[in-house]
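Please keep the view at hand while you read.

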Amino acid sequence: MRRFGRTLVTAALAVAVVGGTAGWASGESQSAVTGPPPGTAAWRADTAYGRALPDPATATPHEVARFFAGLDDAARSALVRNHPLVVGNLDGAPVPLRYEANRLAVVATGEARYASLSAPGRRILAFDPRGRGQVAEVFGDLEHAAHVSVIVPGSDNDATSHDARRAPHTGPAGMARALRTATETPAASGSVATGSVAGGSVAVIAWTGYTTPVGVGLDAADGRLAAAGAPRLARFTAGLDAVGAPDPVLFCHSYGSVVCGLAARHTDAADIVALGSPGMRADTADDLRTGARVWAGRGPSDWIADVPNVSFAGIGHGADPTSAAFGARRVPAADVRGHAGYFTPGTQSLAAFAAIAKGEAR
């Protein structure tokens with residue numbers, strides 16, 4: 001009975017502490033955005049030269065890719081103009097069409113909070129204005145990249161904060177930019193053992209494609225939002241495969257590592273990297289049931305270390321991915337400061353991330 005009481009106390013602590021980038025703040029409950037994108041009803045009612053359009057709710061990304069491959073440029077352009085929110089979020093649709101569709105969709109909202117996403121040169125691969133908004137942005141040339149990485153962020157991220165002013169090299173877009181820049185720089189010796197294979201070009205995607213927790217509260221301590229986000233991440237990676245992109249590396253920060261843990265078995269990721277993780281809803285790396293190599297790192301001053309690694313009545317996210325018992329490969333992070341410093345230029349962690357992203361780490 002005494003042991004049960006200790007478990008209850010630990011679980012209560014997890015409720016109070018688990019979170020993402022917000023620090024020690026109270027959280028508010030969020031409603032997860034799920035299902036096909038806005039405009040799906042009108043899309044289903046339309047056709048292309050008499051052909052039914054692929055149902056966003058049921059068609060696989062590979063089926064979507066085959067459908068678009070059978071259209072001419074005029075039909076593709078018409079679908080972009082008439083259904084930008086669907087085309088822009090349709091995994092398996094050609095990448096350039098999604099960029100153009102999302103530019104139109106952002107402009108069509110007329111909302112100042114999203115205006116920067118339509119600026120020239122931005123490559124928005126997904127945009128959903130529902131709720132707090134979701135977005136995925138590409139840094140680099142996704143169509144010709146030899147390697148692709150996906151940043152999966154934690155709490156307090158959405159379409160408006162995706163690239164908001166904050167500490168450099170933090171937030172989804174900041175992390176993605178830092179990683180892409182690091183992949184263009186020769187790795188520092190000793191960061192992570194590397195082979196002789198050339199890295200090639202790397203595209204990095206900042207994926208805020210799920211409803212993240214706000215602050216620290218029950219949403220951050222339980223797996224409800226992660227469970228809603230995991231199928232979206234799995235489908236997103238399937239969409240990358242459908243357009244011929246290489247198997248991605250998933251960089252999963254904080255609560256984002258919970259999403260990655262639940263999605264792992266359903267993705268074709270080459271590597272999964274958990275950083276500043278409260279747990280991945282698995283006892284060991286093998287329990288993730290993925291063919292990907294699993295990596296984990298945590299800095300010495302990251303407050304996530306104070307989160308109890310428990311799982312009780314749905315609260316808490318389980319084992320510490322950086323523990324020896326978990327069995328993940330270790331990412332050096334001795335010089336990382338705080339919970340959001342993993343992508344800071346010059347750190348061991350960023351050098352290691354770059355080697356993993358380029359396929360050079362072993």
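## Pocket and cavity

Helix α9 gives the largest pocket the largest share of its lining, 5 residues. The model is a predicted one, in which local features need pLDDT of at least 70 and side-chain atom pairs count only at pLDDT 80 or more, while totals for chains, interfaces and linings use all residues. Residues are numbered from 1 along each chain as its sequence is written, and side-chain values use heavy atoms, with hydrogens and water left out.

Helices (H or I, at least four residues) and strands (E, at least two) are DSSP runs, numbered from the N terminus. Pockets and cavities are both found on a 1 Å grid over the protein atoms alone: a cavity is a set of points where a 1.4 Å probe fits but cannot get out, whereas a pocket is an open set with protein on both sides within 12 Å along at least five of seven lines, and lining residues have an atom within 4 Å of a point. Grid points are joined across faces, edges and corners, and a volume is the space filled by probe spheres set on the points.

The largest pocket is lined by 27 residues, and G35, N89, D91, R232 and R235 lie nearest its centre. At least two lining residues come from each of β3, β4 and α9. The lining of the largest cavity is made up of D91, A93, V95, R98, L125, F236, G239, L240 and V243. Here α6 (95-109) and α9 (224-242) each supply at least two residues, and α9 has the largest share with 3 residues.

The table sets the two spaces side by side. In its last column, Ala, Val, Leu, Ile, Met, Phe, Trp, Tyr, Cys and Pro count as nonpolar, Asp, Glu, Lys and Arg as charged, and the others, Gly among them, as polar.

| Space | Volume | Lining residues by class |
|---|---|---|
| Largest pocket | about 470 Å³ | 14 nonpolar, 7 polar, 6 charged |
| Largest cavity | about 50 Å³ | 6 nonpolar, 1 polar, 2 charged |

## The sheet

Next, follow the strands. An open sheet of 8 strands runs in the order β3-β4-β6-β5-β7-β8-β9-β10, with mixed pairing. β3 (123-128) and β10 are the edge strands, each with a single partner, so one side of each has no neighbour in the sheet. Two strands pair if DSSP finds at least two bridges between them. Strands β4 (residues 134-139) and β6 (residues 202-208) run antiparallel and are joined by 5 bridges. Across this pair, V135 stands opposite T208 in β6.

## A disulfide and a histidine

How many disulfides does a search of the whole structure find? There is 1, a disulfide being a pair of cysteine sulfur atoms within 2.5 Å. C252 and C260 form this link, with their sulfur atoms 2.1 Å apart. The link is left-handed, with -90° about the S-S bond. C252 counts as buried because its relative accessibility is 0%, where buried means under 20% relative accessible area, exposed over 50% and partly exposed in between (1.4 Å probe, protein chains only). C260 is buried too, with a relative accessible area of 0%.

Finally, look for H339 in the loop between β10 (329-330) and α11 (348-357). H339 has a relative accessible area of 5% and is therefore buried. Its side chain makes a polar contact of 2.9 Å with the side chain of S254, and another polar contact, of 2.7 Å, joins the side chains of H339 and D302. A polar contact is a pair of N or O atoms within 3.5 Å; within protein, one must be able to donate a hydrogen and the other to accept it, and residues adjacent in sequence count only if both atoms are side-chain atoms.
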